[in-house]
Amino acid sequence: MAEQVDVVVVGLGVGGEETAGRLAQAGLRVVGIESRLVGGECPYYGCIPSKMMIRAANLIAETRRVDGIAGTASVQPDWAPVAKRIRDEATDNWNDQVAVDRLVNKGATVIKDRATITGPGTVRAGDREFEAARGIVIATGTVPSVPPIEGLEGTPYWTNREAIEVETLPTSLVVLGGGAIGLELAQVFARFGVQVTVVEGAPEVLSMEEPESGTLAREALERDGVTFHCGAQAQRAGYAAGSFTVTLADGTQATGEKLLVATGRRVATAELGLDKLGLDASARRVEVDEHVRAGDGVWAVGDVTGVGAFTHNAMYQADIAVRDILREPDAPTASYHAMPRVTFTDPEIGAVGLTEKQAREAGLNVRTGSTPIPSSSRGWIHKAGNEGFIKVVADADRGVLVGATSAGPTGGEVLSALAVAVHAAVPIESLARMIYAYPTFHRAIQEALKAL
């Protein structure tokens with residue numbers, strides 16, 4: 001006989017954990033089911049450990065920038081303390097007991113098993129079945145997407161997980177994919193002395209962002225010694241004698257001791273039983289409405305919805321789901337027009353809303369303005385490592401910003417002001433009349449607005 005509960009949360013990554021914990025704290029009977037680590041990709045294989053790696057690599061770069069500005073300095077990179085910090089401080093050696101206890105202490109029941117949806121409102125995990133009076137929340141996230149490259153299957157290639165877990169660095173590395181994950185890890189390993197080659201099928205890296213962002217990132221990584229093959233598809237991969245060889249469409253070969261596949265992520269819901277809820281089990285995402293409802297008594301949050309694979313979006317959608325499930329009269333609805341994202345390379349590349357291309361494709365009357373960071377007072381003061389720019393994308397008819405990019409030494413932080421402007425549709429005239437602190441990186445926003 002099925003056990004009676006209020007809500008079953010399938011998947012306890014960032015969004016699922018937030019949803020389950022808050023609903024339990026509100027007094028609902030909540031069961032959370034997770035077959036992997038409670039907390040999901042972000043704390044164990046994504047946001048937290050990767051940024052620890054980036055912090056360490058950036059310290060190396062900053063030390064090398066001392067010469068000519070503050071004397072002389074030398075640095076001998078050592079991966080051991082980085083690996084130890086990830087293992088001990090970030091992941092508890094990839095043990096999720098702290099996260100499990102955190103949920104249990106909030107009143108939720110946590111089951112470590114694979115979930116199968118058996119019907120509307122019913123979910124099985126192991127030998128237990130639950131019937132949810134209010135409904136089911138799907139928060140199963142995504143897994144690495146591995147392209148069907150001839151010869152790749154069966155080789156010991158890395159995904160982001162193996163790259164995060166590594167304790168001894170290889171001498172050389174080939175990275176398939178020039179998106180945020182691929183570039184962040186490529187720069188980290190290059191700064192620790194690894195010979196890195198990036199292969200990207202698109203003409204430029206960071207192809208979903210402004211072309212200026214891709215150019216900036218590529219030039220920065222090339223200064224760190226990274227080699228790029230852009231606009232060339234990988235056709236074959238081979239592994240022999242402890243080395244990978246990737247053959248590109250033009251016949252060029254890239255070789256490395258290790259191969260990192262960073263070509264995106266995909267949902268893994270084929271065996272979850274979505275069809276029992278009237279949903280398409282083969283779809284590339286779980287479609288949700290403005291209340292993040294996927295159907296009657298079904299909600300979905302996080303990467304599985306296909307709305308930006310970002311931790312902050314999972315938390316945002318979790319809040320909407322929780323308040324909708326609790327039937328709050330003033331429950332908010334989702335709006336993604338000001339979705340922020342940051343690529344944590346050096347320089348850091350933050351963006352919000354639409355790119356210029358996306359705005360034009362949407363039929364807007366587009367005007368853009370940009371300014372280079374080195375020409376700003378703070379950029380000139382900063383000197384070494386001051387590369388970057390601020391670009392704003394305006395809807396001229398409405399007189400508001402619909403997108404912006406902030407690239408530079410603190411690009412992700414400067415982005416916050418631009419995110420507020422896009423989110424709240426602040427009139428450009430009001431932004432232009434603001435008082436901008438001097439000398440700051442964010443003051444360059446004013447110059448970008450003038451360029452409109």
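**Reading cavities, salt bridges and a buried glycine**

Me: In the second largest cavity, H4 is the element that gives the most to the lining, with three residues. Which residues line this cavity?

Reply: Please keep in mind that this is a predicted model. The general idea is that rolling a probe the size of a water molecule over the atoms shows where empty space is left. Here the second largest cavity has a volume of about 30 Å³. Its lining consists of Ala 83, Ile 86, Arg 87, Trp 94, Ile 164, Glu 165, Val 166 and Glu 167. At least two lining residues come from each of H4 and H6. By class, the lining has five nonpolar residues, no polar ones and three charged ones.

Me: How much space lies in the second largest pocket, and which residues lie nearest its centre?

Reply: The second largest pocket holds about 380 Å³ of space. It is lined by 17 residues, and Ser 35, Arg 36, Arg 114, Thr 140 and Ala 268 lie nearest the centre. The lining comprises seven nonpolar, five polar and five charged residues.

Me: Arg 87 and Glu 167 both line the second largest cavity. What joins their side chains?

Reply: In general, side chains of opposite charge can pair when their charged atoms come close. Arg 87 and Glu 167 form a salt bridge, with 3.2 Å between the closest N and O atoms. Arg 87 belongs to helix H4 and Glu 167 to the loop between helix H6 (160-165) and strand S8 (172-176), so the pair ties together parts that are 80 residues apart in sequence. Arg 87, at 22% relative accessibility, is partly exposed, as is Glu 167, at 49%.

Me: Finally, is Gly 177 buried or exposed, and which residues does it touch?

Reply: The cut-off for buried is under 20% relative accessible area; Gly 177, at 6%, therefore counts as buried. Gly 177 sits in the loop between S8 and helix H7 (180-191). Leaving aside residues up to four places away in sequence, Gly 177 touches Gly 182, Val 198, Val 199, Glu 200, Ala 262 and Thr 263. Ala 384 lies 207 residues from Gly 177 in sequence and 28 Å away in space, C-alpha to C-alpha.

Terms used
Residues numbered from 1 in each chain as written. Predicted model: local features only at pLDDT ≥ 70, side-chain atom pairs only at ≥ 80, totals over all residues. Heavy atoms only, no water. 1 Å grid on protein atoms, 1.4 Å probe; cavity = no way out; pocket = protein on both sides within 12 Å on 5 of 7 lines; lining within 4 Å. Points joined across faces, edges and corners; volume = space filled by probe spheres on them. Nonpolar A, V, L, I, M, F, W, Y, C, P; charged D, E, K, R; others polar. Salt bridge = Lys/Arg side-chain N within 4 Å of Asp/Glu carboxyl O. Helix = DSSP H or I, 4+ residues; strand = E, 2+ residues; numbered from the N terminus. Buried < 20%, exposed > 50% of the residue type's maximum accessible area, 1.4 Å probe, protein only. Contact = heavy atoms within 4.5 Å.
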